[in-house]
Amino acid sequence: MQPRGSRLTAVLLVIALLGSGVAGATLSGADADATPGDTDTGVTPAEPTPSASAQDGSDAARTASCAATPPENGSDPDSDVRGWENGIWYDESIDVDQSDGVQRGERKRIVSRTMARVEAVRCVEFDQTVPVSVISREEFRRAQASQNVPERLRTFDNGKFEALLLVGEDNDSIAVQTENRGSGVLGFYSPQTDEIVVIAESAEELRLDELTLAHELMHAWQDQQFDLAGSPFDAKLRDQVNARNGLVEGDASYTETLYERRCSEGWQCLDAPERGQRGELANIGVYLLKFQPYSDGPAFVRMVRNVGGWDAVNAMYANLPASAEQVIHPLKYRSDPPTNVTLTDATTDAWERVRAPDRPGYARLGEAAVMMTFVYPYYDSGRETEIVPAEEWFDYNQSGGLSETDPLNYESNYSTGWDGDRLHVYENEEGELGYVWKLAWDSPQHAQQFIRGYQRVLEYWGGEQVGPNTWRIPDGGFADAFHLKVDGRNVTIVNAPTVEGLSEVNRDIGPISAANQSVETVADPAEIVGNETTNATANATTAEGSVTAAAS
């Protein structure tokens, strides 16, 4: 048996890495308006993340019963059974020495036993063996950098991440995501080619990580059963991708957690390869936006399994979460569908709507994305500015330590109550971008709370209020003008390069001049809601993960 070490130590390591901007988890899924490299399923996090809580203590015993009982003489069964693959039982020892890299025969034995073990802990049966290859991180980075991205997709993606105040105009969002992925990915499963690729740090020692392999094998099973490349898994909106990955990644990550527990309780497991310095993240805000399904998804899956067993989890593949909100707040699953926000173009002839090829032409960003707008200043400022207090972003248990089940809370007073959104990106002849982002909230109080937090974020980036509902950031990556409109439970944000240009991007707001404007202050939401704080449904569990594709 090879113990995996303290999970609490792993959690603290992850948070330390995230705080310093070093890759500590992985990207998942893709933006339909982002780099095509995200279309592969199975981007496994670069560092261990917390396992399920202590209430999972009985899971090991229950999952062991999923496998058939190996004969005392060790003979093979007459037909394929759960917990046995290609002549190897899930509890067998195998002769493997990865000190000089993994050889072809060793790889086959490792893959077969890992498949049998995934069957045992997740109560599944593989239809066929999954091809597995190992490449170096440098080779993976070269492959990522060589991908071609349509220019309109790049433009739209830049507008989207600029609207979230995550990637400024002085950076390219596609390049940011490519660099993040190159540093953070441990492996992936591609539903297009039906194969797993594990990424090794050293080109000389192409070793397999057993937990990474287990996670990606779970994606292979998902694909065999539910076709991850087809509908409804071919998400085209950012919020849809985070929602889908909440199940797909959550299931794989939770399975990996159960697998790792068995390694610490009796299974003989392979030592994890050394994980050296992979390089810093290009942008931790973008990274953490895509990490949300890995944080909230395992708890979401565990909750469903505790109530209805694995059959209930399997049934969710026919009823995917409709929004990231339903994964962040599991009690909203199937009970609170997102509002279909409508938005009519009202630009002058000087502006043209940006429509990426083979994409919806608009973005729905979702609650997880909204949350990162408020969290990113904490990291950008070196942990000196807290729009969302650190004690709310990091989840601590009753004893004062960091929670092993859910170290990151993707909910806050400013983001909870999201009910839908729609973003349109526009471009003028000079290549300047503008956008209109309309958000629906559960109530006028939630809308006011969002505005309150959003104004604090504008101030962090150097914003000044220059008129009624009008702000201007004079310099830096987000140097633009902003007009904020609150209409009941709806909020509309109009962005343009200049204050005067706001009414060109959206004529409905009327002419706006930067000169001689009086300044109004938006009411404190605490006065509106009677000083009551809106709390969201608690979630649990973080783990490692990865998966498929495409989002606006």
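A crossing of two helices is called left-handed if the near helix is turned anticlockwise from the far one by less than a right angle, and right-handed if clockwise. The model on screen is predicted, so local features need pLDDT of at least 70 and side-chain atom pairs count only at pLDDT 80 or more, while totals for chains, interfaces and linings use all residues. Residues are numbered from 1 along each chain as its sequence is written, and side-chain values use heavy atoms, with hydrogens and water left out.

**First stop: a helix pair**

Select residues 173-184, helix 6, together with residues 284-315, helix 9; helices here are DSSP runs (H or I, at least four residues) and strands likewise (E, at least two), numbered from the N terminus. The two helices pack at an angle of about 70°, with their axes 10 Å apart, where axes are lines fitted to C-alpha atoms, for helices over the stretch in contact, and angles run from 0 to 180 degrees between N-to-C directions. Helix 6 is therefore roughly perpendicular to helix 9, a term covering angles of 65 to 115 degrees. Helix 6 passes helix 9 in a right-handed crossing. To see the contact (heavy atoms within 4.5 Å), show Val176, Gln177 and Asn180 of helix 6 with Val286, Tyr287 and Lys290 of helix 9.

Ile284, which belongs to helix 9, is buried at a relative accessible area of 7%; buried means under 20%, exposed over 50% and partly exposed in between, with a 1.4 Å probe and protein chains only. A distance drawn between the C-alpha atoms of Ile284 and Met372 reads 9.7 Å, although 88 residues separate them along the chain.

**Third stop: the cores**

A nonpolar core is a set of buried Ala, Val, Leu, Ile, Met, Phe, Trp, Tyr and Cys residues joined through side-chain atoms within 4.5 Å. The largest has 65 residues, and those touching the most other members include Leu288, Phe374 and Trp393. Helix 11, residues 366-380, gives the most to this core, with ten residues. Another core, of 54 residues, lies apart from it and includes Ile94, Cys123, Val132 and Tyr259.

**Last stop: backbone details in loops**

Go to Pro232, in the loop between helix 7 and helix 8, where the peptide bond from Ser231 is cis, with omega near 5°. Asp194, in the loop between strand 4 and strand 5, has a positive phi of about 55° although it is not a glycine, and at 36% relative accessibility Asp194 is partly exposed.

Methods: Parallel < 35°, antiparallel > 145°, perpendicular 65-115°, else oblique.
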